[in-house]
Amino acid sequence: MTDLVTLTIDGKQVSVPAGTLVVEAAKKVSIDVPVFCYHPKLEPAGMCRMCLVEVGLPMIDRATGKPVLDDNGQPKINFLPKLETACTNKVVAGMVVKTQLTSEKARSGQNSTVEFLLTSHPLDCPICDKGGECPLQNLTMEHGPGKSRFLFDEKQRLDKHVPLGDLIWLDRERCIQCGRCTRFQEDVAGEAVIGFAERGRTMQIVTHSDPGFDSVFSGNTTDICPVGALTTSDFRFGARPWELDEQASICTQCPVGCNVTLNTRREAKADGRIVVKRVMPRQNEEVNEIWMCDKGRFAHHYTDAANRIGKPLINKDGKLVKASWKAALDLAAEKLSASKKNLIVLASGRLSNEDLFNLKSLADGVGGQAILYSDMGGGEATLPVGLSDGSNLGALGKGDAILVVASDLYEEAPIWWLRVKQAADRGATLIVANSRGTKLDKFATHKIRYEHGQETATVKELGGKNKHADAIRKAGNLVVFFGNDGMGLSGSTSLGAACAHLLKDSDHIGRPNNGLVGVWPRVNDQGAWEVGFRPSVNLAEEIKGKAVYIVGADPAGDNPALAKALKSAKFVVVQDLTHTATADLADVVLPAQAHTEREGTFTSGERRVQRFYSAVPVFGEARPDFVITAQLAREMGYILEGSSVSIVFDIMSQSLSAFEGLDYPLLAEVTVQWPEVGHGDIYYGGTSYENKKGLGAHLSSAAQRGDAVRLASPRANKLPKPKENEVLAVPVTKLYDMGNTIASAPLLDGRVGEATIALNPLTAAELGAAAGELIRVGWNGSQSEVRVRTDASVAEGVALVPRSFGIPVYEPIGLPVRTVKKVKA
């Protein structure tokens, strides 16, 4: 147990753990010491000198080592001759601190700090994006002089429009050199891609990377910047903070389930509609803390895309025409009812738990199949041994272990990458197993390289006798992340089973901070598994000649083979936000609401159920997915709840043991989080939002409930053998891929870039494909133009290809079919 230290701050006695900084101790008694450079998530630097306070220490008798007492029997206090920084001084027993509230000396020092900062700070408040939520603006009102004593001609003039990268802009005149952004990138993100150059008044922020500010966490620097020096390209000059409304939501870009706040405003250029202007992190210390990745921050435009579907559509004479909801539902119900057992309900993890539950209920009612649109398996393993109540990656440290296998967390789930890295920084044993190098290798305790196809065998070896196995057996807690890197449904299913057996055999199941986490491709894939959806090994064959009800998925746009299969389907109903390639093949198209327009819940990969809320008005005549399904079911003769999303959740909680005991009020509960950010003292934690709408709750696992844990046996993964002039294509996930959610965010075009294929230099030389060359590759009758990139970490005879190519599993590809254009490497 940590020892407590008692001190006095402005006459208030407080006891805090030893090692606590004075600035943090003051908050325990509701005293806010103003800061610029200090941030509770960063190591203290003492650069700005805004937190100056008077510090007194008990006088100690050198002979006895005991405090010297005054006439009243109290310890004599010896105040230090100069003001001290509250952000770098740790508490000492008997310490007496006087802040700006009780010390004129401290207040004078803080006033002087603000005055010096303003000597060269521009008067940009009326046009600055930070205006209204700016720490410098607030503290100037409290501590700044009414009139400057410095000559205007001596003002330092610097560049005001400096692009650090394609997402972040720097105004060098506004920068106060607090170092928050550079320390975040180096200490928290582990990517020191920006730093200081020059000295003194000419010191300025520069980028060291190519492309500029090359980090998926760059947007967080604008949140913690205490002035308007760093702004995002997306929000820059877009609105004033006081014009914005706020609503709690969940990021839908990956399975982490980051808590976010949607800032909205009525927009003239959007024909007077209320639109999302920016996405900001919302504090949840057990999920994303106060951070988020750039994809989640900037890829929100798909909910307001130009190709949103606003009215139902019916295919007449080969063309989709607008129709009434009644006509569309009647036609869909008639055709789907005629199929019954030949009905395929194909849904993705983009949908909410409530949507998926109603869809599964419909499929069960008619005797059809509920298929999860995914090329990743392993959910059968996360159900019994997944993370459960009380788990928090932030609690892992020395004595614990984390295994990441077949996943590039940086590209697939950046905030998990960040939290796993932080756990390693705290002393946790990190084992990274992959067929190729990833950014997490830098922080790994043990790195395991396996040949492609040996994922399952590698995990099995971790249950044997070797140094990696020893680390797992000795771990107090063990969390295993498994992905789908280079694999398909069968391979990842086998890998998930092997990981589950490893956890069970090493006795790391059924208690907090132990369990299996799937690095799923979509936000609610785990929820789909919990509800009862399962992916299909041969989806193309499943849908041929059958009625298909497709919700929240674009199989035709993702895979030419699935597009061909859909053309032979008996009847196709598509329910989606936007007009997709799959919608083009539909007989009926039903417009669905975006998550920004409705309420619901998602289940993260860590099996935490969290609520999201309506932030903007409904687009056109779109309806929530669960409502559409209920209305369609009613026309087919089945009764499903379609009036209230919370009632659907209650029915689901009563039907599924993992959800037992959960309800909307419970998910909306909040507790005090430390550090406290998002409150009135925005200079302390930045502009991340306080969580007022719910921290969510974990599902229970079979192991935690004490139910029997039955696990499937893992199977060996057989690889196809490439022929002459072929290489083995290994599909990998890119964070920025040309999917439907990214296509509507032109700001991210530079991050997406052109299609590339990564080859070992020796493999490229054998095939006559030089680095930088544009070539055409072919597989299964399809072809695509790609740019060659050479990487020595890629195995020989292998090509890393983006999963968006439509190659879901290890597959031989012809390379090159022909050279399109040669470019210097």
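I call a crossing left-handed if the near helix is turned anticlockwise from the far one by less than a right angle, and right-handed if clockwise. The model I am reading is predicted, with local features needing pLDDT of at least 70 and side-chain atom pairs counting only at pLDDT 80 or more, while totals for chains, interfaces and linings use all residues. Residues are numbered from 1 along each chain as its sequence is written, and side-chain values use heavy atoms, with hydrogens and water left out.

**Entry: H7 and H20**

I took helices (H or I, at least four residues) and strands (E, at least two) as DSSP runs numbered from the N terminus. I fitted axes to C-alpha atoms, for helices over the stretch in contact, with angles from 0 to 180 degrees between N-to-C directions. The axes of H7 (residues 325-339) and H20 (residues 625-635) come within 9 Å and cross at roughly 60 degrees. Angles under 35 degrees count as roughly parallel, over 145 as roughly antiparallel, 65 to 115 as roughly perpendicular and the rest as oblique, and H7 and H20 are therefore oblique to each other. I noted that H7 passes H20 in a right-handed crossing. With contact meaning heavy atoms within 4.5 Å, H7 contributes Trp 325, Leu 329, Asp 330, Ala 332, Ala 333 and Leu 336, and H20 contributes Ile 628, Gln 631, Leu 632 and Glu 635. By class, these contact residues are seven nonpolar, one polar and two charged, where Ala, Val, Leu, Ile, Met, Phe, Trp, Tyr, Cys and Pro count as nonpolar, Asp, Glu, Lys and Arg as charged, and the others, Gly among them, as polar.

**Entry: H8 and H21**

I then looked up H8 (residues 353-366) and H21 (residues 645-655), whose axes come within 9 Å and cross at roughly 65 degrees, in a left-handed crossing. Asn 353, Glu 354, Phe 357 and Asn 358 of H8 meet residues of H21 that include Phe 649 and Met 652.

**Entry: largest cavity**

On a 1 Å grid over the protein atoms alone, a cavity is a set of points where a 1.4 Å probe fits but cannot get out, and lining residues have an atom within 4 Å of a point. Grid points are joined across faces, edges and corners, and a volume is the space filled by probe spheres set on the points. I found six cavities of 30 Å³ or more, and the largest has a volume of about 210 Å³. Its lining has 18 residues, with Thr 222, Thr 232, Phe 235, Arg 278 and Met 280 nearest the centre.

Definitions and conventions: 1 Å grid on protein atoms, 1.4 Å probe; cavity = no way out; pocket = protein on both sides within 12 Å on 5 of 7 lines; lining within 4 Å.
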